[in-house]
Structure formats: structure tokens, C-alpha cells
Amino acid sequence: MTYRYLPNAFSAVALMSFLYSCEYRPLNMDYYDGCSIWVAVDWSSFTQEQPTGMSVYCYPKDGPGQEPYIYRSNTTSGVMVRLPVGHYDLLVFNQSVDEFGSMHFEGMDKYMTATAVLEPLGDGHYDPEWLAIGTLEDLNVTLDDFNANRSITLSPRNVIYNVSVEIKVQGINNSEKISCKIDGMARKYNMADGGQSSSATHLLNSWGKERDKDNPANGVVFTSFHSFGLPDSFSSKPEDCILDVTFLLVDNKTGCRFSIPAGDRFVTDKEAQRMTLKVDEGIILPDVEREEGGFSAEVKDWEEEQQVDVPMN
């Protein structure tokens with residue numbers, strides 16, 4: 001007699017119940033350590049320089065105290081990131097936090113506190129190097145992204161202002177050298193929301209000179225510098241920003257110092273990241289005898305200094 005084994009009805013039902021209770025997973029999900037996502041970076045809006053490296057920070061939003069996933073690459077077209085399922089805020093910028101000499105970075109462990117801060121320089125602060133930032137908020141990574149070849153694109157933009165300063169001068173022929181500082185500019189830049197805060201002093205010691213064609217005794221002096229712009233607390237009041245400029249005259253001993261309330265003189269083009277500051281009145285240099293033999297005195301050795309407060313507009 002031949003016997004065949006036939007499972008009883010209870011065993012069959014139990015087996016089917018077990019199979020249907022298991023969640024379907026791809027065969028290689030046992031090796032899951034995150035979803036691979038290609039982060040493409042489009043630098044076409046950043047025309048100030050060609051970046052030689054970049055950093056991508058991926059900040060988890062699900063649960064407190066999680067460290068960001070950080071990727072640094074010399075390939076600036078993009079980088080492959082691996083992220084567990086969840087929600088993320090992304091931040092990309094040129095270079096890395098260790099490659100800037102004019103600034104350092106604070107609060108980089110959290111998206112909303114990531115901040116660039118100007119370094120001190122003598123009695124003022126450095127002008128910032130070019131910095132381009134791109135963000136993407138609330139990226140949702142799901143199991144559907146596993147082996148899905150997903151790609152996203154970030155487009156960093158320059159956040160540094162080029163600030164032009166122009167001062168009309170009567171008696172420009174009496175000017176030998178100019179030293180200047182401007183107070184009240186932003187020292188900190190929040191990389192997530194673009195907020196500007198704190199106060200920086202920029203030192204402006206490199207100036208050009210252009211004389212009037214019709215009256216060469218008068219003309220303008222001009223310079224430019226880089227800045228984070230104006231703090232969020234800036235209210236366009238004249239006293240919010242002070243331009244302090246000193247002219248050493250051609251006798252190499254007389255200094256004329258002008259304190260100019262400039263907070264209401266800025267013209268800002270946010271799209272082009274340009275600011276212009278013009279002073280058209282109040283700067284008059286006295287006539288002096290030119291010292292023979294050319295310039296030799298240092299600022300600290302000036303024998304006479306005249307202080308002039310330029311009235312507010």
C-alpha cells in the first residue's frame with residue numbers, strides 16, 4: 001500500500017495566513033542602509049567664480065538631536081547621497097567650511113542655525129569671499145526611492161554684495177591719501193533663511209580718484225568692497241551706518257576726518273547683489289602747500305587733524 005502525505009486543512013490555513021501577513025520587500029532590502037539619491041547642482045546662477053569643490057548637508061527633520069549627513073566633493077556637478085527614510089532639509093554651498101579664510105561657520109549641526117560669520121581683521125572685519133548657497137526644504141525620502149534612481153537639483157546663488165562707494169570732494173587736488181571705515185554692515189549670514197545680523201566694520205583703504213574735466217580742483221573718490229549686506233535690524237536711519245573717512249593732504253601732515261551718517265544713502269539691487277553708497281555734499285578739503293619729495297608720513301604721524309561731522313540729509 002502506498003501512503004501519501006496530505007496536509008490537514010488547519011495546516012494549510014495557517015500557512016496561507018503567515019504568507020499574507022508578511023510585508024512585501026524587495027529581495028535585497030535585507031541590506032538596506034538608505035536610499036541613494038543623486039543631488040545635481042546647477043551653478044549657472046553663480047557667475048562670480050568657478051567653484052572647485054562643494055558641500056552638501058542633509059538635515060533630518062524626524063526626531064530631535066540627529067546629526068546631518070555631510071557630503072564634500074571636488075566634483076561640483078553633483079553627489080550621490082544615501083539617506084534613510086524620512087524628511088530632510090538640504091543645504092549646498094561652494095567649497096567646505098575649512099576652506100574660507102575670511103569667515104568661519106557656526107551652528108552647522110542644525111539647518112536653521114547654520115551661519116557664516118566674518119573673521120576680525122585689525123580694527124574691523126574681513127571682506128567675505130564669494131559664497132553661493134542653495135537650499136531645498138522638506139525632501140521626503142520613502143521606501144519607493146530604494147533603487148529608484150531618484151534625482152533632485154539644487155541651484156546655489158551668490159549671497160555676497162558688491163558695495164560701491166563714491167564721494168564727491170571739493171579740493172580733491174589737495175588729497176594725498178585716503179583711509180576709511182564703514183560701520184553697521186552685517187557680520188553674520190544665516191544660510192537657511194538669508195537673515196543678516198550683528199555688526200561688521202569694513203576697512204576701505206584702496207581708493208581711486210577722478211577729477212572733474214571742467215574744474216580739476218574738484219572730483220570724486222571711489223572704492224568698492226564685499227559684504228553680507230545690511231543687518232535685518234537696519235531701518236534706513238542715517239545713524240544706522242557711519243562712514244568715517246580721513247584724507248591726508250598733500251602737505252603730508254594735515255588730516256581731514258569726516259564722519260558721515262550713511263544709513264539712508266544706500267541704493268540696493270538685491271537681484272544683482274549690488275549696493276551703491278554716494279556722498280554728494282559736505283566734503284571740502286582746504287588748500288595746503290604740497291610737501292616736496294612726495295609722500296612719506298604714516299597716518300599715526302599726522303601732525304594736524306581736522307574733525308568734520310557731515311550733517312544728515
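**Stop 1: aromatic rings**

A search of the whole structure finds 10 aromatic pairs; rings of Phe, Tyr and Trp (its six-membered ring) pair if their centres lie within 6.5 Å, with planes under 30 degrees apart counted as stacked, over 60 as edge-to-face and the rest as tilted. Select F234 and F266. Their ring centres are 6.3 Å apart and their planes stand at 80°, so this pair is edge-to-face. The pair links distant parts of the chain, 32 residues apart: F234 is in the loop between β19 and β20, and F266 is in strand β22 (residues 266-269). F234 and F266 are both buried, where buried means under 20% relative accessible area, exposed over 50% and partly exposed in between (1.4 Å probe, protein chains only).

Next, select Y57, Y59, F93, F100, F105 and Y111, which ring pairs link into a cluster.

**Before going on**

This is a predicted model, in which local features need pLDDT of at least 70 and side-chain atom pairs count only at pLDDT 80 or more, while totals for chains, interfaces and linings use all residues. Residues are numbered from 1 along each chain as its sequence is written, and side-chain values use heavy atoms, with hydrogens and water left out.

**Stop 2: the whole protein**

Show the protein as a cartoon. It has one helix and 24 strands; helices (H or I, at least four residues) and strands (E, at least two) are DSSP runs, numbered from the N terminus. Of its 313 residues, 42% count as buried. A contact means heavy atoms within 4.5 Å. Among contacts with a separation of 6 or more, 73% are between residues 24 or more positions apart.

**Stop 3: strand β5**

Select residues 86-94, strand β5. Eight of its nine residues are buried, so β5 is largely enclosed by the rest of the structure. Two strands pair if DSSP finds at least two bridges between them. β5 pairs in the antiparallel sense with strand β2 (residues 54-60) over seven bridges, and Y57 stands opposite L91 in β5. Strand β10 (residues 132-141) also pairs with β5 in the antiparallel sense, over seven bridges. Here the bridge partner of Y88 is L139 in β10.

**Stop 4: an open sheet**

Four strands form an open, antiparallel sheet in the order β6-β7-β15-β16. β6 (103-106) and β16 (196-197) stand at the edges with a single partner strand each, so one side of each has no neighbour in the sheet.

**Stop 5: S227**

Is S227 buried or exposed? At 0% relative accessibility, S227 counts as buried. S227 lies in strand β19 (residues 218-227). A polar atom of the S227 side chain lies 2.9 Å from the backbone nitrogen of G229. Leaving aside residues up to four places away in sequence, S227 touches P128, I160, Y161, V163, M185 and H202.

**Stop 6: nonpolar cores**

A nonpolar core is a set of buried Ala, Val, Leu, Ile, Met, Phe, Trp, Tyr and Cys residues joined through side-chain atoms within 4.5 Å. Select I167, I182, M185, L243, F247 and F266, which touch the most other members of the largest core, a set of 31 residues. The largest share of this core, five residues, comes from β13. A second, separate core of 22 residues includes Y57, F105, Y111 and A192.

Definitions and conventions
Polar contact = N/O pair within 3.5 Å; in protein donor to acceptor, adjacent residues only side chain to side chain.
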